[in-house]
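Here's a quick briefing to read with the model open. Grab your viewer and follow along.

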Amino acid sequence: MILGVLGSITKDRIVIERTNDEFHQVGGTVYYSSLTLAHLGASVISIPLLAEKDAHLLKTLTHKNIRCFPSWTRKTTFCENRYPSDSHDVCERTIIEHASDFSLTNEIIQNLSSCSAIHLGPLAPDEFLAHTYTTLRKSFRGIIGLDGQGFLHGKQNYFTEIISGTIDILKLSAHELV
């Protein structure tokens with residue numbers, strides 16, 4: 001089974017306020033989902049959104065035999081994740097720079113054509129325009145899943161418009177539902 005993952009790779013700044021620790025790491029739904037699926041034994045095709053100058057961020061994915069077909073954007077998404085307490089369940093997330101110039105191309109559709117399912121991981125509502133979802137639905141016969149976390153940072157009615165008729169599986173945690 002081949003699974004596809006599409007979304008922004010992020011450059012994350014992690015701040016632990018209690019200890020004043022700060023560190024940087026690679027992140028994003030496309031990064032963590034691709035690694036998880038590969039670890040579970042799936043063949044993975046990853047379509048990460050990032051600036052070409054940050055191509056080195058894909059090194060871990062390619063070393064895990066994940067096939068990466070980057071969609072180059074002007075900027076790589078840069079997030080700050082601030083943890084105000086010892087609980088990692090409480091995080092204040094700020095998108096400082098955003099790779100919002102993604103365009104679904106025929107090349108991307110072709111790269112995903114061998115997949116049984118695709119997992120979409122937008123980090124903000126405008127990462128993929130509405131027509132991206134409808135175009136993908138029309139051209140892809142497999143299962144399309146959506147990580148809804150990115151929609152928590154914006155327009156709720158846009159979210160409803162997107163999932164209506166285009167998404168088969170919606171991934172949200174219990175606290176994201178409220």
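Predicted model: local features only at pLDDT ≥ 70, side-chain atom pairs only at ≥ 80, totals over all residues.

Buried here means under 20% relative accessible area, exposed means over 50%, and partly exposed is in between (1.4 Å probe, protein chains only). Residues are numbered from 1 along each chain as its sequence is written, and side-chain values use heavy atoms, with hydrogens and water left out.

**Strand β4 and its partners**
- Strands are DSSP runs of E, at least two residues, and helices are runs of H or I, at least four, numbered from the N terminus; two strands pair if DSSP finds at least two bridges between them.
- β4 runs parallel to β1 over seven bridges, and Ile2 has Ser43 in β4 as its bridge partner.

**Second largest pocket**
- A pocket is an open set of points on a 1 Å grid over the protein atoms alone, where a 1.4 Å probe fits, with protein on both sides within 12 Å along at least five of seven lines; lining residues have an atom within 4 Å of a point.
- The second largest pocket has about 210 Å³ of space, the volume being that filled by probe spheres set on the points, which are joined across faces, edges and corners.
- Its lining counts 15 residues, and Leu3, Leu37, Ala117, Ile118 and His119 are the closest to the centre.
- β10 (143-147) is among the elements that supply at least two lining residues, and β10 gives the most, with four.

**Aromatic pairs**
- Rings of Phe, Tyr and Trp (its six-membered ring) pair if their centres lie within 6.5 Å; planes under 30 degrees apart are stacked, over 60 edge-to-face, the rest tilted.
- There are two such pairs: Tyr31 and Tyr32 sit edge-to-face, 5.2 Å centre to centre with 80 degrees between the planes.
- Phe128 and Tyr133 are edge-to-face too, at 6.0 Å and 75 degrees, and both are buried.

**Cysteines**
- No disulfides turn up (a disulfide is a pair of cysteine sulfur atoms within 2.5 Å); for Cys79, the nearest cysteine sulfur, that of Cys91, is 9.5 Å away.
- Cys79 counts as buried because its relative accessibility is 2%.
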